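Here's a quick tour of the structure below. Keep it open while you read.

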Amino acid sequence: MAKKISTATEGDEADKHFRDDLVALLPSLRAFARGLCRHREMADDLAQDTMMRAWAARDSYTPGSNFRAWMFMIMRNQFYTTLRKNSRMASLDPEVAERVLVVDPAQQDGINVDDVAKALQKLPAEQREVLLLVGASGVSYEEASQIIGCAMGTVKSRLARGRAALALLIDGSPDGKLPGLPRSRIKSANRDEADDSMASVQRKASTAKMATIAVQA
Amino acid sequence: MATAKKPRNQVEVAGGDPIAAALRQMHDSVASEDLPDDFLRLLGEIDARIAVKKAKH
């Protein structure tokens with residue numbers, strides 16, 4: 001009997017710890033969701049859904065293991081599941097994507113966060129999620145490989161390619177600094193890269209019958 | 001004396017990686033927001049479930 005009471009108390013404590021860990025992670029969960037969904041309301045829906053799914057599945061979590069990776073993995077899986085079902089998500093329209101990426105030529109010394117956010121949405125989903133996890137959320141390569149379910153080397157290469165594509169989309173150079181190329185060549189390289197990214201995105205959307213990027217009507 | 005107007009939402013980078021700084025700022029700007037009421041309501045539901053479970057024991 002005493003053992004039963006003890007087990008019940010341990011269960012209560014475990015629930016309490018789980019709840020506290022969940023609360024501590026909510027800001028990061030919301031931020032990751034915002035990067036994935038772009039739309040504030042959809043992102044918060046995703047974060048709330050993740051929260052409740054994680055709570056329902058808390059018995060499958062091993063205390064002491066990586067809680068953040070476990071939570072982000074639930075969110076990522078839920079995001080792609082929702083993406084397949086949700087008609088509010090649309091596949092990337094290259095013309096729309098071109099219009100939303102507006103770079104102010106006067107911004108020579110800094111970089112606009114809104115431009116980065118918009119350019120991020122033009123990248124293939126696999127590069128975007130790695131940039132969001134490692135670059136924005138600050139998770140390690142190892143954690144990212146757990147969350148995505150791929151090798152650490154794959155995370156690193158997707159990160160490098162994503163970062164280069166982002167720089168190219170924003171200011172025309174893979175390293176974030178304008179190279180000494182003729183302007184026409186920069187535009188051409190920019191366009192090729194964007195086209196490659198979009199073709200990749202559209203292939204994925206077609207193959208998996210799911211959209212890759214939410215585009216606000 | 002007039003000062004130059006800083007463009008909205010622009011990251012200032014002193015010798016760092018501007019893209020990394022922008023990504024980090026994207027994260028931090030959301031993470032620093034107050035939790036919306038919907039989240040607080042869900043947490044309240046979780047707390048209630050914990051309390052009910054505890055009361056049963």
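## Overall picture

A residue is called buried if 20 or more other C-beta atoms lie within 10 Å of its own, exposed if 12 or fewer, and partly exposed in between, with C-beta atoms placed from the backbone. On that count, 35% of the 217 residues of chain A are buried.

This is a predicted model, where local features need pLDDT of at least 70, side-chain atom pairs count only at pLDDT 80 or more, and totals for chains, interfaces and linings use all residues. Residues are numbered from 1 along each chain as its sequence is written, while chains are lettered from A and ligands numbered from 1 in the order in which they are written.

Chain A has nine helices and one strand (DSSP runs numbered from the N terminus: helices are H or I, at least four residues; strands are E, at least two). In sequence order, they go α-α-α-α-β-α-α-α-α-α.

## Helix H7

Helix H7 (residues 141-148) of chain A has these buried residues: A:Glu143, A:Ala144, A:Ser145, A:Gln146 and A:Ile147. The buried residues of H7(A) pack against helix H3 (67-85), helix H6 (125-136) and H8 of chain A, with contact meaning C-beta atoms, placed from the backbone, within 7 Å. After H7(A) comes A:Gly149, with a positive phi near 85°.

Definitions and conventions:
Contact = placed C-beta atoms within 7 Å.
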